[in-house]
Amino acid sequence: MRDVVDPQTGEVIQGRDSSWDLIAFEHAFLECQKDLPAVIGKDAKNPHLKSRFTSLPKIVTIVKPILNNHGFSYSQGCCFSAFTETSTRCAYIDVYTDITHAETGLAKRAKLPVPMQKLDAQAAGSALKYGRRYTFLAALGIADGDEDDDGQAAMPRQITEDVNESPELAKLKQEMAKIKHATDLVAWAGEQKIKSRINGLSEGEAEMLRFAFRSLRDRLVKEAQEA
């Protein structure tokens, strides 16, 4: 407990607790947001997809001085989530940005799990850079315009980029899309008749189905947690 100045009135209040820390943090962040841009334009280009995105250097150059002027700092990091069922092919890298208030020590975090379909340094670096950009913008409530797909280097393009969807793959994806619970989805994938149908797919088609399965499973798990 220590004395604190009420950010609304300037009055010195005896004995500080966590509620005053939160008030001071929110007030300082509000004042900071008034100086932050609502939108940061895209300045970089993905040559593979011919799409544009907002680069991390541009974000840092614009945002960091404003954060510091209002008593905030930022830090970014990542950790690897548990491997999925295809343990040699896919993992998630959890990327986060923390915005920390020097006076109160409080921080807010934006976190993004970025899927990796390859376990190599290039995919990890791509996923990390992608996550750093978007968690930074999300933590500060800054928009960058339309959505892009610059994170494509973390996706299974080598195997799937030339794959045409067969009728059997389409049927499997349609059946899967009708499932509403993660446990039912896992049970469906474990059925022997489903496994036999998957074994009849090409490698590229099977990879596409696995990616669709993981995306749906993660969405259903998240929806269950938020319910």
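**Reading the cores and a helix pair**

Mentor: In this predicted model, buried residues account for 39% of the 227 residues in the protein chain, and the chain has eight helices and seven strands.

Trainee: Where do nonpolar side chains tend to be in soluble globular proteins?

Mentor: In soluble globular proteins, such side chains tend to be buried together. Here the largest nonpolar core holds 20 residues, of which Val-63, Leu-67, Phe-72, Ile-99, Phe-136 and Leu-140 touch the most other members.

Trainee: Which helix gives the most to this core?

Mentor: Helices α1 (18-35), α2 (56-69) and α3 (121-140) each supply at least two of its residues, and α2 gives the most, with six residues. Leaving aside residues up to four places away in sequence, Leu-67 touches Cys-32, Phe-72, Tyr-74, Ile-99, Phe-136 and Leu-140. Another core, of 13 residues, lies apart from the largest one and includes Leu-169, Ile-194, Leu-209 and Leu-220.

Trainee: What describes two packed helices, and at what angle do α6 and α7 pack?

Mentor: Two packed helices are described by the angle between their axes together with the distance between those axes. Helix α6 (residues 182-190) packs against helix α7 (residues 192-199) at an angle of about 65 degrees, with the axes 5 Å apart. Because angles of 65 to 115 degrees count as roughly perpendicular, α6 and α7 are described as roughly perpendicular to each other.

Trainee: Which residues of α6 and α7 meet?

Mentor: Trp-188, Ala-189 and Gly-190 in α6 meet Gln-192, Ile-194 and Lys-195 in α7, and by class this contact has three nonpolar, two polar and one charged residues.

Methods: Residues are numbered from 1 along each chain as its sequence is written. This is a predicted model: local features need pLDDT of at least 70, side-chain atom pairs count only at pLDDT 80 or more; totals for chains, interfaces and linings use all residues. Side-chain values use heavy atoms; hydrogens and water are left out. Axes are lines fitted to C-alpha atoms, for helices over the stretch in contact, and angles run from 0 to 180 degrees between N-to-C directions. Helices (H or I, at least four residues) and strands (E, at least two) are DSSP runs, numbered from the N terminus. Angles under 35 degrees count as roughly parallel, over 145 as roughly antiparallel, 65 to 115 as roughly perpendicular and the rest as oblique. Contact means heavy atoms within 4.5 Å. Ala, Val, Leu, Ile, Met, Phe, Trp, Tyr, Cys and Pro count as nonpolar, Asp, Glu, Lys and Arg as charged, and the others, Gly among them, as polar. Buried means under 20% relative accessible area, exposed over 50%, partly exposed in between (1.4 Å probe, protein chains only). A nonpolar core is a set of buried Ala, Val, Leu, Ile, Met, Phe, Trp, Tyr and Cys residues joined through side-chain atoms within 4.5 Å.
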